[in-house]
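Biologist: Here is the next one on my list. Walk me through it in plain terms, please.

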Amino acid sequence: MRVEYEVEDHVAVITLNHGKLNTITPSMHRQMYDIIVEFMADPDVHCGILRGAGERAFSAGDDLKVEMRELSPPSAQ
């Protein structure tokens with residue numbers, strides 16, 4: 001998993017963990033979407049922190065080495 005999600009003492013921590021620059025792949029976009037849905041639905045979580053692993057960068061953005069297809073959230077049912 002390249003996006004980590006932990007909750008402790010009512011605080012959620014979402015960590016991007018992908019290489020030196022924490023570039024974001026399409027699968028990480030999907031992981032982050034699922035994590036945010038879980039985060040928003042949890043009444044015991046009071047706040048969230050989004051961070052990048054390592055010391056070099058929070059995130060350089062999308063990974064340009066990976067083909068990006070249109071990403072959209074799943075249809076509401």
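**Strands, helix and core**

Biologist: In what sense do β1 and β2 pair?

Modeller: β1 and β2 pair in the antiparallel sense, over six bridges. Two strands pair if DSSP finds at least two bridges between them. The strands are DSSP runs of E with at least two residues, helices are runs of H or I with at least four, and both are numbered from the N terminus.

Biologist: Before we go on, what sort of model is this?

Modeller: This is a predicted model, in which local features need pLDDT of at least 70, side-chain atom pairs count only at pLDDT 80 or more, and totals for chains, interfaces and linings use all residues. Residues are numbered from 1 along each chain as its sequence is written, and side-chain values use heavy atoms, with hydrogens and water left out.

Biologist: OK. Back to β1 and β2: how many residues lie between them in the hairpin?

Modeller: Two residues lie between β1 and β2 in that hairpin.

Biologist: Which residues stand opposite each other in the two strands?

Modeller: Tyrosine 5 stands opposite isoleucine 14 in β2. Glutamate 6 stands opposite valine 13, also in β2.

Biologist: And what is the phi of aspartate 9?

Modeller: Near 50°, which is a positive value in a residue other than glycine. Most residues other than glycine have a negative phi. Histidine 10 is not a glycine either, and its phi is positive at about 70°.

Biologist: Is aspartate 9 buried or exposed?

Modeller: Aspartate 9 is exposed, because its relative accessible area is 65% (buried means under 20%, exposed over 50%, partly exposed in between, with a 1.4 Å probe and protein chains only). Histidine 10 comes in at 40%, so it counts as partly exposed.

Biologist: What is the distance from histidine 10 to proline 43?

Modeller: Their C-alpha atoms are separated by 9.0 Å, while the two residues are 33 apart along the chain. Proline 43 is in the loop between α1 and β3. At 70% relative accessibility, proline 43 counts as exposed.

Biologist: Which strand does β3 pair with, and in what sense?

Modeller: β3 pairs with β2, residues 11–16, in the parallel sense over six bridges. Valine 11 has cysteine 47 of β3 as its bridge partner. Isoleucine 14 stands opposite leucine 50 in β3. That is the isoleucine 14 that also stands opposite tyrosine 5.

Biologist: So what order do the strands have in the sheet?

Modeller: The order is β1-β2-β3, in an open sheet of three strands with mixed pairing. β1 (3–8) and β3 stand at the edges with a single partner strand each, so one side of each is left without a neighbour in the sheet.

Biologist: What pattern do the elements follow along the sequence?

Modeller: The pattern read along the protein chain is β-β-α-β.

Biologist: Change of topic. How much of the chain counts as buried?

Modeller: Of the 77 residues in the protein chain, 25% count as buried.

Biologist: Which residues are in the largest nonpolar core?

Modeller: That core has 11 residues: Val3, Tyr5, Ala12, Ile14, Leu16, Ile24, Met28, Met32, Ile35, Phe39 and Val45. A nonpolar core is a set of buried Ala, Val, Leu, Ile, Met, Phe, Trp, Tyr and Cys residues joined through side-chain atoms within 4.5 Å.

Biologist: Which element gives the most to it?

Modeller: α1 gives the most to this core, with four residues. β1, β2 and α1 each supply at least two.
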